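Let's walk through this model together, one topic at a time. Have the viewer open, and turn to each region as we reach it.

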Amino acid sequence: MSQRVDWYSEKKKMSQNLKYKSTRGMESNLSFEDVLLNGLARDGGLYMPEKWPKFSYKELVEMQDLDYTSLAEKIILPFVGSNLKQKIGKISRKVYKKFNGKEKAPLIKLEDNFYLMELFHGPTFAFKDYAMQFLSELFSEVLNNSKRKIVILGATSGDTGSAALEAFRGKKNTDIFILFPHDRVSSVQRKQMTSINQKGCIPIAVRTDFDGCQDIVKNLFSDDKFRDQVSLSAINSINWGRLVPQIVYYFYGALKLGAPKQKVSFSVPTGNFGNILAGWIAMKMGLPIEKLICGSNQNDILTRFFYTGKMERKNVIPSLSPSMDIQVSSNFERLLFEILNRDSKKLIDLMKKFNISNHYDVPENNMLRLKETFLAFKASDNDIINTIKNTYDRYKYLLDPHTAVAIFSGEKALKNKLVSKDIPLITLGCAHPAKFPDTILKSLNFKPKNPIKLEKIFKSKENFEVIDNDLEVIKNYILKKMRS
């Protein structure tokens, strides 16, 4: 079958450029290029499209036979501006050529209507590659056209950092700084970041947790003088350009299992809320999703919220799934904006309350809208260990600890009859188990076999500095290390 479709010339309606606005109301009528380079709005809000592109039933049927690369072009095209529209196909082919295997996101059948979608076939063996590789090419296109250079700043709880540094290595028009919590990521995750050793790619270990790293990023974006001085931009999922490519694999999995005729549910390990939000966006675009299952580890701020309607920040507890050791899920603001009917004033009031008192409450009528789509479960470290063991015993399939949270949550939803066994349930497999050898050893008494690329990383020299959680110290470090 022919996979190459010129969606640009075929769909005239796609040529209309979406405009974007901040969730906090002070910025609007922005282009995709604006929000890509800005990352975080100057009013502290997150960018959202002013309307949702939507595919018809007929269009979804037409997508069923597309390979991943062509589907990515189709899904991403409505979000970008006219300067990028004719480049999306080229970018998609370039990006996903780097991924292993013919199937870029293989669906593994565990039982009838119970699947796992492997999202770790990219360069750093984590789902972050699917968006980060695309994001780096988007940046390159926009920056090359405008002859600009920027400084990219991001925080990571594990996999985002390695995916970002890998994606932006060798890019002459970007310097990238990644903050990660010292001694709170796995040794493999750390080595993936600290062994790149290329100019302009700078990992920084900060003596804090992920939320502390994320606060530094937000504070530096709020410093207009510094932001303008270095042309600051973001690669975390607070950047709208990072979220858009993640929508693709929801369409890919659902279409493979019978959508749009067949509804599908997804179980997603959730920390900063970007990954599961991409599924919600896919639903807004017309994909028939029955339920989105939010799987949290023992840092269960989201699970508590979905049960009580109260978002309450507590202390971060280190766990066996470190990429989810988060108490402030930044992307949740985008969903909150939607359920508040895009009322920026109400949203700002809640955000102010959260910053002062570490909690806010969402009215019951708004919660009912969320509960129509979202389920939420919490997995303890013991649950993770047992799920890795049970899944290996039953299916001879090896899970990483984050995917184990999602499998545990999906199984609880099925057991409690909160999702139908007649509807396919897809768990997102978010990382290769070799990235978490100590947890696998603890669960199964053996360590997973390393891909060749990871073996090479273990032999590479690490290069990074450990810095105190001090905003001015980190600001000066960036100024010192950035290329002129």
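**Cysteines, a central strand and the space inside**

Counting disulfides in this structure gives zero. Keep in mind as you look around that the model is a predicted one. A disulfide is a covalent bond between the sulfur atoms of two cysteines. Here a pair of cysteine sulfurs has to lie within 2.5 Å to count.

Next, please turn to strand S4, which spans residues 114-118. How many of its five residues are buried? The answer is five, so the strand counts as mostly covered, with buried meaning under 20% relative accessible area. The cover extends to both faces of S4: Phe114, Leu116 and Glu118 are buried on one side, and Tyr115 and Met117 are buried on the other.

S4 also has strand partners to trace. With strand S3, residues 107-111, S4 pairs in the antiparallel sense over four bridges. Look for Glu111, which stands opposite Phe114 of S4. The hairpin that S3 and S4 form has two residues between the strands, and there Asn113 adopts a positive phi near 60°. With strand S14, residues 425-429, S4 pairs in the parallel sense, over five bridges. In that pairing, Glu118 has Gly429 of S14 as its bridge partner.

Finally, let's look for empty space. Rolling a probe the size of a water molecule over the atoms shows where such space is left. Which residues lie nearest the centre of the largest cavity? They are Phe127, Lys128, Gly271, Asn272 and Ser323, out of 25 residues that line it. Helix H8 (159-168) and helix H14 (274-284) each supply at least two residues of that lining. By class, the lining of the largest cavity has 14 polar, eight nonpolar and three charged residues.

Technical notes
Residues numbered from 1 in each chain as written. Predicted model: local features only at pLDDT ≥ 70, side-chain atom pairs only at ≥ 80, totals over all residues. Heavy atoms only, no water. 1 Å grid on protein atoms, 1.4 Å probe; cavity = no way out; pocket = protein on both sides within 12 Å on 5 of 7 lines; lining within 4 Å. Nonpolar A, V, L, I, M, F, W, Y, C, P; charged D, E, K, R; others polar. Buried < 20%, exposed > 50% of the residue type's maximum accessible area, 1.4 Å probe, protein only. Pairing = 2+ DSSP bridges.
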